[in-house]
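The sequence and structure are shown first.

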4 protein chains.
Amino acid sequence: MPERLNQIKETTVIQLKDVKLKNPVIVEGLPGVGHVGKLVAEHMVEELGAEKIIEVYSPHFPPQVLVADDGTVKLVRNEVYADKKHNLLLLIGDYQSVTNEGHYELAEVYLNIAEKYGVKRIYTLGGYGIGQLVDTPRVLGAANTLELVDEMKKYGVLFQENEPGGGIIGASGLLLGLGKLRGIEAVCIMGETSGYLVDPSSAQAVLKVLSKILTIDIDMGALESRAKDMEKIVAKLREMEKAQLKPISTEEDLRYIG
Amino acid sequence: MPERLNQIKETTVIQLKDVKLKNPVIVEGLPGVGHVGKLVAEHMVEELGAEKIIEVYSPHFPPQVLVADDGTVKLVRNEVYADKKHNLLLLIGDYQSVTNEGHYELAEVYLNIAEKYGVKRIYTLGGYGIGQLVDTPRVLGAANTLELVDEMKKYGVLFQENEPGGGIIGASGLLLGLGKLRGIEAVCIMGETSGYLVDPSSAQAVLKVLSKILTIDIDMGALESRAKDMEKIVAKLREMEKAQLKPISTEEDLRYIG
Amino acid sequence: MPERLNQIKETTVIQLKDVKLKNPVIVEGLPGVGHVGKLVAEHMVEELGAEKIIEVYSPHFPPQVLVADDGTVKLVRNEVYADKKHNLLLLIGDYQSVTNEGHYELAEVYLNIAEKYGVKRIYTLGGYGIGQLVDTPRVLGAANTLELVDEMKKYGVLFQENEPGGGIIGASGLLLGLGKLRGIEAVCIMGETSGYLVDPSSAQAVLKVLSKILTIDIDMGALESRAKDMEKIVAKLREMEKAQLKPISTEEDLRYIG
Amino acid sequence: MPERLNQIKETTVIQLKDVKLKNPVIVEGLPGVGHVGKLVAEHMVEELGAEKIIEVYSPHFPPQVLVADDGTVKLVRNEVYADKKHNLLLLIGDYQSVTNEGHYELAEVYLNIAEKYGVKRIYTLGGYGIGQLVDTPRVLGAANTLELVDEMKKYGVLFQENEPGGGIIGASGLLLGLGKLRGIEAVCIMGETSGYLVDPSSAQAVLKVLSKILTIDIDMGALESRAKDMEKIVAKLREMEKAQLKPISTEEDLRYIG
């Protein structure tokens, strides 16, 4: 079976199932600052009962399997879920590329999927790290057309000069930049976050705005309860800081609780 | 001889010898945490008198030769040994890939070899580093089918929630993940270990379980004596720690005693 | 549209507009030490009213978009501007390659553009970092022919033994080295600078020499006023240093004010 | 001229001149530990009046030009010189590969050159770093056949168990390892050195042995005088150490005096 040799030597798209969608939009929530986008998109997959239609494997992902609670493994991958009712495609995953070129390769693969389904608009989700704990996270945006900037402002998305100062890195940025070259509208919606912790509270803020934009009603109970759990952990961290214990290793752990 | 130009610009499999095996299994023991898998697999090669049938060279290995005691050199490589009596293929080597893509490329090469020999099951061996010295190492597992999880439990392999938390990195993980995509059953058997030292005691624990699974009787004398030597070194290290000497450089050396 | 798949998997040149130029020269001012070259070239684009004719995208650039003040994004890229009046091509950009091979690939792409337009000479601009604040920056040079060294000396460009000691890294160096292999004359003109700060004062020194060489009169008002602003910041930094505050993070910020 | 596009996107061999040699040997002296090999090979090029016949460029070298005292630049490269009188090919250069795969690619390129000239034996030169200053450097060896080990012993080359412990990294190692796969005899001759400084004294020790092996009489005056200069610098460093000044930055500088 020569065609199977070197199977995952290149980025590989495995179509598990085909679906018909009318003018769908993509919501991207891959891991990033505060795992804000990941929390939102995975929450949506669950609440909307979306079904997995695509798996993406790549030698640009870490050479790693993850172990589930039942002892079985899963190769690191990205996944696309479809919500037929709302004509949504949701892009989630364990990791982003670990190589520079891989980021470009994978973003182009996602845009190919977008074109295949006739996607006209992409929402990328992320966190905007400000280096300190945030009480009421703002929701900021950046878009690849001026019309989209204006449209998003109506939903309360903030567009501020010099924010985000360092640009947007990874899939959330590239889907806008590379999408523009293909004529696909795309906007990045970012929740303000410290950047140190998984942040379900920032995710809630992003989801509120996104559900208004998409006119989809999504139950936020699960995110709210995670946000409350995290608040307790943050309170504990603040106590620890006061007691002059260094919380770095704890933060490290928390990063992966999300 | 144009076909020899740029010989090792890509991963290259050199078949030294061909053997006939009946439904063989592969045991992988490449370098990793505590060199647990390497110790087990190299011990098996020696005790079972397995013969080398394949050498794998790759530009993804370090650009390095190793010098033997007689002054001759060996290019860094991985090797496959065959034990015809027990229908075993043993995969050992000096290093794993040093590039991200190389890990995927090499794992696919090993799976190609597996398919060529009609291998239906792969055992990957490794250490599970817990960051502190272990008195009685547990043997943990992860598999690429639920049936295999259940089968392994019968032999005393432990499958624990959240262990290993960070997943399994390198060949021991990829052979499970990529193997699943090819329909090849694979299980990773990990010996608990500190992660700081070459650990023949953890290797012994893994080998006990593995020899039961494979129903092969393997003399453990050599591993036992290495474990005793290491116990002495560990005892010495503990004394040094008490005496407030920093043991880091010593550990570094020990890592390569294995 | 199969030709659009994987669009930016390789370095991609997008020709926005074609222009006719007579024996043009290229001035390269990509980011580098003190952003000296970038300041000069961007100043020239603005003052000469040059128009953008080419965009270069590459997977060797950071996987990132930059956000403009109006909320729209721009994929990281390099750009070529044309000044028809003076037969100039100006090469500017946000970043240089982040991979080793990418530096070579991009430099060859720029040389292909040079050959397409019949360019016979390239001026690369840069900073020469000396590790301490500079009051009156010297302008140093290096060229890919001895004739060009002699010609440049007439304009006050200094050629000193052992300067720059570490060679010239990135596009400013490669365009000379790779240009030589193609028979294209090229000279690098470097303004002395600390290497810690964006340095419009060093840029002014370089521009003075360059405008003499090109016999183009360029208003320096904007650069002068930036240089004065930076002088105030430097004065403040020096005070801070005296007051024993560590100025490192401030420098970091300043680097991106430019 | 399409064949010139992307000229140095791959490793490129430029043949400047062709020479006829009878059963030549290659002496490799690229940069490495203590620049021992580089010092020896460059000394031989000069003393024997060898002429440059090949230049090798590669995107795996640093993206850099070096500036000569006359102000002209040279793209980072490796070079092959021929000494027709002694049927020698000498491989020298500014840098080795900076990528992992590049090391393999370049070594194969050198072996292709070796095969083209009918080379039957390669001498690679290097330093063996022991982490402390050496008074009388020993000369150690490693070879790719046992016969060559025995032959070299006759010339006083030492072959010691566990030396060098970490193997041989870079071209000096790969030419042995990859050479073996092509059936080309190769031996690495290493001068003991601290590893912190350019070491002309160690180079002298290596050259003495090598000139006996090759039965070539080479004037050592220049190396001797450099060794004496370095002894003075080392004496100064030792004084500084006593005076408790940290000599690290000085060492850094010295590394590039060589």
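## Terms and basis

Two strands are said to pair if DSSP finds at least two bridges between them. Helices (H or I, at least four residues) and strands (E, at least two) are DSSP runs numbered from the N terminus.

The model is predicted: local features need pLDDT of at least 70, side-chain atom pairs count only at pLDDT 80 or more, and totals for chains, interfaces and linings use all residues. Residues are numbered from 1 along each chain as its sequence is written, while chains are lettered from A and ligands numbered from 1 in the order in which they are written.

## Relation of the chains

Chain D is superposed on chain C by a rotation of 90° with 0.0 Å of shift along the axis, at an RMSD of 0.0 Å; copies are superposed by least squares on the C-alpha atoms of residues with pLDDT of at least 70 in both. This is the relation of a four-fold axis. Within chain D, Thr99(D) has the C-alpha nearest the axis, at 7.0 Å.

Chain A and chain D do not touch, and their nearest C-alpha atoms are 14 Å apart. Chain B and chain C are likewise not joined by any contact, their closest C-alpha atoms lying 14 Å apart.

## The interface of chains C and D

Between chain D and chain C, 21 residues of chain D are in contact with 28 residues of chain C. On the chain D side, strand E4 (64–67) and strand E5 (73–75) are the elements that give two or more residues. E4(D) provides the largest share, 4 residues. By class, this side of chain D holds 10 nonpolar, 7 polar and 4 charged residues; Ala, Val, Leu, Ile, Met, Phe, Trp, Tyr, Cys and Pro count as nonpolar, Asp, Glu, Lys and Arg as charged, and the others, Gly among them, as polar.

Ile168(C) stands opposite Val65(D), and Ile169(C) has Gln64(D) as its bridge partner.

## Strand E4 within chain D

E4(D) also runs antiparallel to E5(D), to which 3 bridges join it; there Leu66(D) has Lys74(D) as its bridge partner. The two strands form a hairpin with 5 residues between them, and Gly71(D) in the turn has a positive phi of about 90°.

In a regular strand the side chains alternate between the two faces of the sheet. Both faces of E4(D) are covered, with Gln64(D) and Leu66(D) buried on one side and Val65(D) and Val67(D) buried on the other. A residue is buried if 20 or more other C-beta atoms, placed from the backbone, lie within 10 Å of its own.

## The sheet of chain A

In chain A, 8 strands form an open sheet of mixed pairing, in the order E1-E3-E6-E7-E2-E8-E11-E9. Strand E1 (12–15) and strand E9 (139–143) of chain A are the edge strands, each pairing on one side only.

Strand E8 (residues 121–129) and strand E11 (residues 185–193) of chain A run parallel and are joined by 9 bridges. Gly129(A) stands opposite Thr193(A) in E11(A).

Conventions: Two residues are in contact if their C-beta atoms, placed from the backbone, lie within 7 Å. A residue is buried if 20 or more other C-beta atoms lie within 10 Å of its own, exposed if 12 or fewer, and partly exposed in between; C-beta atoms are placed from the backbone.
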